Amino acid sequence: MAIEFGSRKETFPNYKVYETMLAGRPFKAEMGKMCGLSNASAMIRYGETVVMCNVTMSPKPREGVDFFPLNVEYEEKLYAAGRIPGSFMRREGRPGERAILTSRVVDRPMRPLFPKEMRNDVCITMTVMSLDPDCSPEIAGMIGASLVTAVSEIPWNGPIGGVQVGLVDGEIVLNPTYEQRRQSDLALTVAATMDKIVMIEAGANEVDEDTMLKAIKTAHEEIKKIIEFINRIVAERGKPKIEFQTVGLDMDIFHAIKEQYLDDFKAAMDTDDKNVRDAALRPIMDKIAEQYPDLSDADLELVSYKMQKFVVRRWLLDEGKRVDGRGINEIRPLAAEVGILPRVHGSGMFTRGQTQVLTTCTLGSTKDNQLMDDLTDEQTKRYIHHYNFPPYSVGEARAPRSPGRREIGHGALAERALVPVLPSLEEFPYTIRCVSEVLSSNGSTSQASICGSTLALMDAGVPIKAPVAGISCGLITEGDRWMTMLDIQGVEDFHGDMDFKVGGTRKGITAIQMDIKIDGLTYEIIADAFEKCRKGRLYILDEIIKPVIAEPRAELSRWAPKMFSMMIPTDKIKDVIGKGGKVIQEICANCNCKIDVQEDGHVFVSAVDQEDAKRAIFTIKTIVEDPEIGAIYKGKVTRLMNFGAFVEIAPGKEGLVHISKLDTKRVERVEDVVAVGDAIVVKVTDIDQQGRINLSRRDAILALEAKKNAQQ
């Protein structure tokens with residue numbers, strides 16, 4: 001029987017490529033050919049960047065959860081950049097920091113647009129399969145995730161679009177190329193719907209608020225074109241949205257509880273102490289549980305959440321009252337300290353109300369740089385910021401766990417805020433690691449981490465260009481009504497609509513992260529939040545940080561390594577390293593130091609005792625340069641001859657001490673004065689035309705004695 005083969009058109013009848021331009025480069029979405037079993041799929045091509053985007057949803061809601069279970073995954077495949085993973089297994093492992101941060105950047109604008117009552121698992125997966133450095137895979141993935149979710153049958157109030165914004169030579173650039181990103185003073189990512197801004201993430205070199213707002217508006221205009229492109233595709237092939245089973249509390253019961261217990265909740269919540277508030281709420285919830293025995297633990301949690309949310313929002317919107325009695329633009333009590341831990345290189349503690357963060361700063365050699373194994377061209381990272389959030393910081397009795405996405409995201413935000421003020425490698429040849437330990441948490445710990453890190457860096461003697469402070473702004477909305485408040489605490493963050501976090505110096509913004517729970521922000525709200533955060537930031541810098549430590553310490557901690565750098569000719573690198581690393585290992589052992597020689601000829605030497613580091617530098621200079629006539633060295637006797645002794649003043653550099661110059665008195669036999677292996681001081685007296693070095697122990701001794709007498 002003959003076998004018939006179907007044509008390509010018959011195999012993929014729904015296949016189509018949709019094309020547009022994004023920031024001057026071709027953008028394509030291929031649909032209908034791949035991943036036929038997911039709810040929706042698209043192969044996104046932006047330039048030569050290719051990202052496979054899929055969305056799937058479970059057919060039934062998950063039991064026993066009181067949240068919408070959304071997972072957003074951004075996967076970096078190193079084959080996309082023509083590289084093999086560096087792990088032992090030569091296989092991609094768990095997501096790297098960059099992948100996790102990108103997942104968060106896509107999750108944050110999409111999550112608020114899903115129905116809050118839905119409990120079906122939804123998973124959005126973006127897989128980077130080809131990388132063009134000039135065309136951002138993060139933006140391609142975000143747009144692809146929005147497209148497939150909008151096209152699918154999954155309920156969602158999208159679409160959204162996203163772009164990156166740079167600032168090159170004062171000009172705003174959309175989706176900057178690789179080279180433009182290297183020169184840019186701004187790394188801004190904006191996501192938006194057709195009408196509102198839904199996500200802002202930024203790092204900046206002290207960019208002012210007006211320029212930042214202009215960049216956001218410029219981004220929004222480009223995003224509107226992307227949304228029009230997505231809407232055309234949805235109109236052509238979008239699936240009808242399905243009805244979903246709502247899982248939640250019986251609202252008749254909730255209204256009855258609210259009627260009976262509202263005054264009790266108000267009384268319990270009227271305090272600025274989180275522990276007191278929680279203690280006051282417990283007996284109320286016990287009464288409700290006893291009165292309504294059919295309510296599950298999840299139902300009771302939801303009752304408590306809804307009641308607290310109602311109280312907080314009514315107080316703010318109707319009375320302008322905050323839970324802790326502060327004014328709308330009033331910051332909680334602040335305190336700052338430095339030098340708390342005696343043996344660390346630098347430490348600083350920042351307290352804002354019941355939020356308290358202790359940051360340490362550790363300095364290391366360039367060999368301590370973090371190795372990177374992701375799709376960027378960045379192979380190492382010199383500044384590392386880690387953020388730890390132990391359970392005791394919120395009064396929970398459970399064991400600590402490894403850092404999750406939240407910890408990684410908060411650490412990255414603090415890192416981004418401080419990078420613009422760090423000295424260059426040439427100015428300060430150290431690897432720098434800051435670790436923020438959250439000691440107590442009642443909102444805005446990431447911003448307290450920025451302040452604590454500024455304190456720790458200056459305490460360590462890192463010559464930062466300017467202090468950096470961070471503060472957050474909250475939002476409450478109801479219809480067309482809205483209000484912002486400065487320095488939100490935990491309960492306002494939990495029950496509010498926005499956490500707008502801004503870090504910066506007196507001059508301008510260095511980092512932004514915006515989280516919202518509503519369908520977006522207007523320009524008016526963003527401008528208002530910028531201004532509130534600017535005033536709060538300046539107050540912290542001038543009134544809290546400056547009186548404690550006005551500028552970086554002039555000297556490093558006695559426990560910090562002392563780092564020196566120098567340049568050597570690249571053709572001399574092999575002489576410094578030696579066969580099998582013998583020379584450099586010998587210098588490290590003799591001088592009790594660490595040495596890092598880079599391919600471009602940069603040499604970094606670190607030692608706890610700076611005299612050890614200086615001796616190592618002196619030895620390296622001796623190897624790569626001709627010894628200076630008149631210089632005194634400490635060398636090692638390598639050979640004895642009848643007429644004198646050969647002394648190695650540096651690896652590969654040997655000279656002769658004639659018997660007549662071995663001592664200040666007459667010498668009959670060389671063996672009477674020195675032996676092989678002895679360490680002796682010698683002075684360079686001559687270098688002949690053949691490069692042979694003549695040394696004198698006698699002249700070195702006399703010179704040192706004369707110097708000693710002169711000092712006395």
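Student: In strand 28, what is the bridge partner of I632?

Tutor: The partner of I632 is K683. Strands here are DSSP runs of E with at least two residues, helices are runs of H or I with at least four, and both are numbered from the N terminus. This is a predicted model, in which local features need pLDDT of at least 70, side-chain atom pairs count only at pLDDT 80 or more, and totals for chains, interfaces and linings use all residues. Residues are numbered from 1 along each chain as its sequence is written, and side-chain values use heavy atoms, with hydrogens and water left out.

Student: In which sense do strand 25 and strand 28 pair, and over how many bridges?

Tutor: Strand 25 (residues 632-641) and strand 28 (residues 679-687) are antiparallel, with five bridges. Two strands pair if DSSP finds at least two bridges between them. Strand 28 also pairs with strand 29 (residues 693-696), again antiparallel, over four bridges.

Student: Which residue takes a positive phi in the hairpin of strand 28 and strand 29?

Tutor: G691, with phi near 85°; the hairpin has five residues between its strands. I687 stands opposite I693 of strand 29.

Student: New topic. How many aromatic pairs are there?

Tutor: The count is nine. Rings of Phe, Tyr and Trp (its six-membered ring) pair if their centres lie within 6.5 Å; planes under 30 degrees apart are stacked, over 60 edge-to-face, and the rest tilted. F428 and Y430 make a tilted pair, 4.4 Å centre to centre with 35° between the planes.

Student: Are F428 and Y430 buried or exposed?

Tutor: F428 is buried at 6% relative accessibility, and Y430 is buried at 4%. Buried means under 20% relative accessible area, exposed over 50%, and partly exposed in between (1.4 Å probe, protein chains only).

Student: What sits over the ring of W559?

Tutor: R343, at 3.6 Å from the ring centre. The charged end of K306 is over the ring of F254, 5.9 Å from its centre. The rule requires NZ of Lys or CZ of Arg within 6 Å of the ring centre and within 35 degrees of the ring normal.

Student: Back to strands. Where does T477 lie, and which residues is T477 in contact with?

Tutor: T477 lies in strand 18 (residues 469-478). Leaving aside neighbours within four places in sequence, T477 is in contact (heavy atoms within 4.5 Å) with R313, L317, W482, D497 and I518. T477 is buried, at a relative accessible area of 17%.
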